[in-house]
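Here are my notes on the model, point by point. Please read them with the coordinates open.

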Amino acid sequence: MDAHPDPDTGEDPLALRLEQLILGAERRYTPFQAARSAGVSMELASRFWRAMGFADIGQAKALTEADVLALRRLAGLVEAGLLSEAMAVQVARSTGQTTARLAEWQIDSFLEGLTEPPEPGMTRTEVTYPLMELLLPELEEFLVYVWRRQLAAATGRVVQAGDDEEMVDRRLAVGFADLVGFTRLTRRMEEEELGELVEAFETTAADLVAAHGGRLIKTLGDEVLYSADDAGIAAEIALRLIETMANDETMPELRVGIAFGTVTTRMGDVFGTTVNLASRLTSIAPRDAVLVDGAFAEELIRTKDAPASEAEAAEAAAAAEKEGEEPPSYRFALQPMWQRPVRGLGVIEPWLLARREAES
């Protein structure tokens with residue numbers, strides 16, 4: 001049986017039923033009524049809604065009790081002095097942007113496949129509603145669980161920061177990993193093949209970054225941006241990425257650039273000269289290689305993850321042998337490369353990072 005548009009709203013009846021199922025409430029309020037019920041000015045309510053990524057709806061009766069409660073909560077945090085008004089808007093924006101992307105992914109990649117009619121003659125309409133009814137509570141619980149886990153980890157990092165300034169402007173290792181020749185691939189490959197390659201790259205990168213204690217900042221199709229508090233962790237991630245991709249014949253070559261320094265963090269993203277430098281290093285890195293800046297090299301040397309030179313490593317080994325001690329165990333090797341000017345950043349001296357073979 002075909003569904004006809006609602007005569008009052010012109011909307012699909014299934015879409016309205018799904019909305020009610022997901023939101024758990026019926027449409028009852030216009031924006032003005034919702035703001036008044038929440039005890040919030042219309043101006044502030046509009047700022048919150050736009051920050052969350054919701055379209056202006058004029059004075060249509062499209063809001064629910066949940067919308068009123070959300071407004072009341074945000075406004076309550078401001079009134080209690082827990083958040084400034086500007087910070088409350090940022091909370092709304094960061095939450096809206098993150099969950100919008102998640103919801104789009106779930107519909108495009110997840111629900112679209114699951115709602116293919118299992119039997120001939122069945123419509124997607126007949127499948128979608130009961131499926132959503134079953135999935136919704138499970139997905140909601142899982143989302144809250146992951147969010148709490150991530151919040152606990154992020155809070156722990158902030159508490160361990162040395163001082164208040166370090167919480168905002170922190171010294172981090174920032175790495176970019178970039179697929180070589182991606183633009184050419186987009187001209188040669190079918191869309192579905194290209195999508196599978198990008199998904200495989202992003203999944204592999206995300207798993208490696210997480211497994212070794214880094215943080216995935218964002219993925220940009222052919223490029224991944226990650227950070228780590230420790231230079232050794234960032235180096236290990238970079239080399240693992242190169243090694244893993246090199247072992248996969250379906251993957252293009254990879255290049256990685258890493259810089260170490262002060263980074264400004266905002267809404268889960270990172271900004272500043274260190275990030276720009278990491279990006280530039282990636283663009284000049286040889287294929288299947290990792291280039292790092294001088295500050296990153298110094299940090300690896302300081303933490304004894306790499307020797308300043310092979311001559312120094314040999315001296316340290318000889319001194320240890322003389323004293324009857326174990327020689328230093330370096331994980332990485334650094335090779336100084338040519339100095340070169342980089343637009344906006346002056347002259348830089350990149351270092352080639354490699355894994356150091358253990359002495360036999």
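1. Start just after α3: Gly 53 takes a positive phi of about 90 degrees there. Helices here are DSSP runs of H or I with at least four residues, strands are runs of E with at least two, and both are numbered from the N terminus.

2. A word on the basis. This is a predicted model, in which local features need pLDDT of at least 70, side-chain atom pairs count only at pLDDT 80 or more, and totals for chains, interfaces and linings use all residues. Residues are numbered from 1 along each chain as its sequence is written, and side-chain values use heavy atoms, with hydrogens and water left out.

3. Back to α3 itself. Its buried residues are Leu 44, Ala 45, Ser 46, Phe 48, Trp 49 and Ala 51. Buried means under 20% relative accessible area, exposed means over 50%, and partly exposed lies in between (1.4 Å probe, protein chains only).

4. How do α3 and α4 pack? Helix α3 (residues 42-51) meets helix α4 (residues 65-79) at an angle of about 105 degrees, and their axes are 11 Å apart. Therefore α3 is roughly perpendicular to α4. That label covers 65 to 115 degrees; under 35 is roughly parallel, over 145 roughly antiparallel, and the rest oblique. Axes are lines fitted to C-alpha atoms, for helices over the stretch in contact, and angles run from 0 to 180 degrees between N-to-C directions.

5. Which residues make the contact of α3 with α4? Ala 45, Phe 48 and Trp 49 come from α3, and Leu 71, Leu 74 and Ala 75 from α4. Contact means heavy atoms within 4.5 Å. The set divides into six nonpolar, no polar and no charged residues. Nonpolar covers Ala, Val, Leu, Ile, Met, Phe, Trp, Tyr, Cys and Pro; charged covers Asp, Glu, Lys and Arg; the others, Gly among them, are polar.

6. Next, the hairpin. Strand β2 (residues 215-219) and β3 pair in the antiparallel sense over four bridges. Two strands pair if DSSP finds at least two bridges between them. Three residues lie between β2 and β3, and Gly 221 in the turn has a positive phi of about 80 degrees. Thr 219 stands opposite Val 224 in β3.

7. Is β3 mostly covered or mostly open? Strand β3 (residues 223-228) is mostly covered, with six of its six residues buried. Glu 223, Leu 225 and Ser 227 point one way. Val 224, Tyr 226 and Ala 228 point the other way. In a regular strand the side chains alternate between the two faces of the sheet.

8. Strand β10 (residues 351-355) has two partners to check. Strand β6 (residues 289-292) runs antiparallel to β10 and is joined to it by three bridges. Here Val 292 stands opposite Trp 351. Strand β7 (residues 332-336) also runs antiparallel to β10, with five bridges. Here Gln 335 stands opposite Leu 352.

9. Two backbone values deserve a look. Most residues other than glycine have a negative phi. Asp 288 has a positive phi of about 50 degrees although it is not a glycine. Asp 288 sits in the loop between α11 (273-284) and β6, and is partly exposed at 31% relative accessible area. For Lys 304, phi is near 60 degrees, again positive in a residue other than glycine. Lys 304 is in the loop between α12 (294-302) and α13 (310-322), and is exposed at 59%.

10. Last, the whole chain. It has 13 helices and 10 strands. Of its 360 residues, 34% count as buried.
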